[in-house]
Amino acid sequence: MNRRERFEGVLDYFLRHQPHADTELRYETPFQLLVAVILSAQCTDKRVNLTTPELFRHYPDAAALAKASEHDVYRLIRSISYPNSKSRHLVAMARMLMQHYGGQVPADPAELVKLPGVGRKTANVIASAVFQQPTLAVDTHVFRVARRIGLTVGARNPLQAEKQLTRYIPESLRGRAHHWLILHGRYVCKARKPLCSRCPLTAWCAYYERQEKNRSRAERKKAVRRTA
Ligand code: SF4
């Protein structure tokens with residue numbers, strides 16, 4: 001099976017079975033999504049969703065957060081991973097929004113990455129989810145799942161993976177493809193042990209193909225030994 005066929009099979013499956021895919025982070029405004037995505041680095045969406053209601057009650061927008069002290073923000077997000085650096089980034093990010101962007105989240109990923117705490121992945125998530133731009137954010141789940149299935153080949157980092165994925169995924173599907181691969185990685189194609197026996201993508205998965213080949217080779221060897 002070639003790579004295009006893998007893409008077609010996987011995208012077609014998700015389109016038919018999960019036509020609507022969205023982030024599991026809870027937010028009401030672009031600013032709140034930006035805060036939630038920054039907090040979600042190395043942390044679960046579930047933990048972030050437990051933390052943000054109180055954070056947003058105190059600091060609903062950039063103007064409020066820009067006036068906060070890092071210590072006050074730290075106290076509200078301390079149950080999240082890396083609370084020191086994240087509270088520093090959040091306050092600095094809000095201040096920069098107030099100083100340079102009129103308190104609004106910019107739509108351009110090239111501007112977004114100038115904000116403290118915002119890398120390429122976060123910028124692509126915001127550009128796609130808020131501004132419907134055809135960006136594709138590659139996080140650890142997307143990177144792993146794409147590599148296992150064979151949607152990417154030899155990509156050594158998220159940027160290389162992003163370039164390969166966007167070559168095959170039409171612009172209109174990139175936002176959803178990001179969520180499809182994340183959710184698949186979170187619940188089925190898990191990092192330590194993929195749940196292949198429960199996976200609907202086996203027909204297009206290179207990892208599964210290799211596992212099956214290894215299994216039948218081992219069985220053949222066993223059978224030869226038995227008859228010898
Ligand atoms: S078959 Fe296994 S490795 Fe392939 S996508 Fe499904 S869970 Fe992941």
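Q: Which classes of residue make up the shell around the ligand?
A: The shell has eleven nonpolar, one polar and one charged residues, where Ala, Val, Leu, Ile, Met, Phe, Trp, Tyr, Cys and Pro count as nonpolar, Asp, Glu, Lys and Arg as charged, and the others, Gly among them, as polar. In total, 13 residues surround the ligand, and the closest are C189, P194, C196, C199 and C205; a residue is near if its C-beta atom, placed from the backbone, lies within 6 Å. This is a predicted model, in which local features need pLDDT of at least 70, side-chain atom pairs count only at pLDDT 80 or more, and totals for chains, interfaces and linings use all residues. Residues are numbered from 1 along each chain as its sequence is written.

Q: Why are α9 and α11 called roughly perpendicular to each other?
A: The axes of α9 and helix α11 (residues 171–187) come within 8 Å and cross at roughly 85°. Angles under 35 degrees count as roughly parallel, over 145 as roughly antiparallel, 65 to 115 as roughly perpendicular and the rest as oblique, and α9 and α11 are therefore roughly perpendicular.

Q: Why does Q42 count as exposed?
A: Q42, placed in the loop between α2 (30–39) and α3 (45–58), has 10 C-beta neighbours inside 10 Å and therefore counts as exposed, since the cut-offs within that 10 Å are 20 or more for buried, 12 or fewer for exposed, and partly exposed in between.

Q: What makes Q132 exposed?
A: Q132, in the loop between α8 (120–129) and α9, has 11 C-beta neighbours inside 10 Å, so Q132 counts as exposed.

How values were computed. Axes are lines fitted to C-alpha atoms, for helices over the stretch in contact, and angles run from 0 to 180 degrees between N-to-C directions. Helices (H or I, at least four residues) and strands (E, at least two) are DSSP runs, numbered from the N terminus.
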